[in-house]
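Here is a brief report on a protein model. Look at the sequence and the fold before reading on.

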Amino acid sequence: LVCTSSDAEVMELSVVHDDTERELKFYDQAFEAVRESIEKFDESGHKWRRPDDYLAEMVKSDQHMKRVKEKLLYEKKLAEEQEE
C-alpha cells in the first residue's frame, strides 16, 4: 500500500515567504494525506490501529522517571516559595 498526497494546490508566492502560513499548508497537506491513508486502509481491510492490549516497552526505567518527577516537584516547590 502506497500513500501519497493528492494535493495539487500550488502555494501562492505570499505564502511561500510567510513561515507560519507555509507551515500551516504543510500541516494541512500532511493531515489530508493521513485522512486519505486511513480511508484506504479501511477500504482494503488492513489494520492500522494498535491492538487494545498492546503494551510498548518503556525507554526510560521507572527508577529514572521517579527521579525526574522528584526533580520537577522540587523545582515547582522552589518556584512557589520564591513567589511568596
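## Fold

This is a predicted model. The protein has three helices and zero strands. From the N terminus on, the order is α-α-α.

## Confidence

Mean pLDDT for the protein is 84. A value of 70 or more is reached by 81% of the residues.

Where pLDDT is low, the predicted coordinates should not be read in detail.

## Surface

The protein has 84 residues, and buried residues make up 5% of them. Its accessible surface is about 8,300 Å². Carbon and sulfur atoms account for 54% of that surface.

L24, Y27 and F31 make a nonpolar surface patch of about 340 Å².

## Aromatic pair

The structure holds one aromatic pair. Y27 and F31 form this pair, and it is stacked. The ring centres are 6.1 Å apart, with 20° between the planes. The pair counts as stacked because planes under 30 degrees apart meet that cut-off.

Both residues sit in helix α2, four residues apart, which is about one turn of the helix. Helix α2 spans residues 19–44.

The cut-off for exposed is over 50%.

Methods
Residues numbered from 1 in each chain as written. Predicted model: local features only at pLDDT ≥ 70, side-chain atom pairs only at ≥ 80, totals over all residues. Heavy atoms only, no water. Helix = DSSP H or I, 4+ residues; strand = E, 2+ residues; numbered from the N terminus. Buried < 20%, exposed > 50% of the residue type's maximum accessible area, 1.4 Å probe, protein only. Areas by Shrake-Rupley, 256 points an atom, 1.4 Å probe, with all protein chains shown as cover. Patch = residues over 30% accessible without salt bridge, like charges linked within 9 Å, V, L, I, M, F, W, Y side chains within 5 Å. Salt bridge = Lys/Arg side-chain N within 4 Å of Asp/Glu carboxyl O. pLDDT = per-residue confidence, 0-100. Phe/Tyr/Trp six-rings, centres within 6.5 Å; stacked < 30°, edge-to-face > 60°.
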